[in-house]
Amino acid sequence: MVSLTLKNTFLTLIILAGVVLPQIVVGQNCGCATGYCCSQAGYCGQDAAYCGTGCQSGPCTGSNGVSVSDIVTQAFFDGIINQAPAGCVGTSFYTRSAFLNALSSFSAFGTIGTTDDSKREIAAFFAHATHETGYFCNIDETSPSSNYCNATYTQYPCAPNKSYYGRGPLQLSWNYNYGPAGDFIGFDGLANPETVATDSLVSFKAALWFWMQNVHSVMTTGQGFGATIRSINGAVECDGKRPDLVTARVNLYTNYCSQFGVAPGDNLSC
């Protein structure tokens with residue numbers, strides 16, 4: 001992943017800060033009490049602002065009761081890893097159990113809309129993760145071109161001698177992603193970005209955090225797989241820039257949809 005605009009997230013935080021929030025349990029790290037939803041901005045509450053669009057966990061509006069673990073079977077997960085070249089560091093780092101444990105913080109993932117909607121979202125996530133990591137072979141970005149520090153995001157200042165290149169299943173990149181991801185998950189993403197590459201649970205949580213912030217709503221509103229490519233790496237790949245990479249992502253997605261027994265839907269490309 002190359003870039004991310006967090007304007008919507010910041011706007012949500014500003015709006016929430018300007019009103020009285022009833023019965024707030026915790027902020028950021030969420031971990032809401034039973035019956036409360038974790039909003040997109042990382043706050044707990046019970047009304048539509050928390051349980052509606054962008055809801056990450058809890059009794060989110062539209063939850064369908066789908067069990068993600070029933071869809072992401074060990075056989076499915078192994079089917080991805082087994083295609084990685086021999087000796088890849090990621091094949092022992094990325095595990096199905098780490099992924100399923102990470103879901104505890106993001107229960108809305110793959111559980112909104114119809115069962116087919118759930119299967120398409122799960123297929124999309126794993127298509128991008130497969131593409132970004134080379135079948136779960138790579139943990140770190142290969143040959144990063146910079147330290148991915150954008151100093152204009154002053155609320156997430158880069159730490160000295162730290163690099164924010166791609167790490168994890170969706171190759172989390174840039175200080176403005178590491179900072180808020182760390183705040184939400186509960187680690188210092190700016191001072192210790194390498195945690196995403198050394199702790200498999202944090203790694204999957206970071207990927208799911210990015211997904212829920214930027215991609216989940218694209219899938220749940222039916223914009224199609226092409227829109228997820230644009231959300232993750234559109235500036236580099238979409239609009240004819242890298243049609244080969246777009247095709248590779250689409251092929252993975254349609255393959256996984258086929259394995260899940262669901263039609264991939266429209267608008268596959270960007």
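Predicted model: local features only at pLDDT ≥ 70, side-chain atom pairs only at ≥ 80, totals over all residues.

Guide: A disulfide is taken here as a pair of cysteine sulfur atoms within 2.5 Å. Residues are numbered from 1 along each chain as its sequence is written, and side-chain values use heavy atoms, with hydrogens and water left out.

The protein chain has an average pLDDT of 88, and 89% of its residues score at least 70.

The sulfur links come to 6 disulfides over the whole structure. One of them is between Cys149 and Cys158, whose sulfur atoms lie 2.0 Å apart. The angle about that S-S bond is 110°, and the link of Cys149 and Cys158 is right-handed. For accessibility, buried stands for under 20% relative accessible area, exposed for over 50%, and partly exposed for the range in between, with a 1.4 Å probe and protein chains only. On that scale Cys149 is partly exposed at 30%, and Cys158 is partly exposed at 25%.

A further disulfide connects Cys238 with Cys270, with an S to S distance of 2.0 Å. Its torsion about the S-S bond is about -90°, so the link between Cys238 and Cys270 is left-handed. Cys238 sits in the loop between α12 (225–237) and α13, while Cys270 sits in the segment after α13, so this pair ties together parts 32 residues apart in sequence. Helices (H or I, at least four residues) and strands (E, at least two) are DSSP runs, numbered from the N terminus. Cys238 and Cys270 are both buried.

The disulfide of Cys32 and Cys44 also has its sulfur atoms 2.0 Å apart. Here the torsion is about -90°, so the Cys32 and Cys44 disulfide is left-handed. The pair links distant parts of the chain, 12 residues apart: Cys32 belongs to the loop between α1 (7–17) and β1 (37–38), and Cys44 to strand β2 (residues 44–45). Cys32 is partly exposed at 22% relative accessibility, whereas Cys44 is buried at 0%.

The charged pairs follow from a general principle. Side chains of opposite charge can pair when their charged atoms come close. The working criterion for a salt bridge is a side-chain nitrogen of Lys or Arg within 4 Å of a carboxyl oxygen of Asp or Glu. The search of the whole structure returns 8 salt bridges.

One of these joins the side chains of Glu132 and Arg249 at 2.6 Å, N to O. Glu132 is in helix α7 (residues 115–133) and Arg249 in helix α13 (residues 243–260), so placed that the pair links distant parts of the chain, 117 residues apart. Glu132 counts as buried at 14% relative accessibility, and Arg249 is buried at 1%. The pair belongs to a network of salt bridges linking Glu132, Glu237 and Arg249.

Asp239 pairs with Arg230, their closest N and O atoms being 3.1 Å apart; Asp239 is exposed at 54%, and Arg230 is partly exposed at 41%. Arg242 and Asp244 meet through their side chains at 2.7 Å, N to O, with Arg242 partly exposed at 35% and Asp244 partly exposed at 42%.

The nonpolar surroundings complete the picture. A nonpolar core is a set of buried Ala, Val, Leu, Ile, Met, Phe, Trp, Tyr and Cys residues joined through side-chain atoms within 4.5 Å. The largest such core has 77 residues, and the members that touch the most others are Phe99, Phe109, Phe125, Phe126, Phe136 and Trp211. Helix α10 (residues 200–214) contributes the most to this core, with 9 residues. Leaving aside residues up to four places away in sequence, Phe126 touches Val72, Phe76, Phe77, Ile80, Phe99, Phe136 and Tyr256.

Notes: Contact = heavy atoms within 4.5 Å. pLDDT = per-residue confidence, 0-100.
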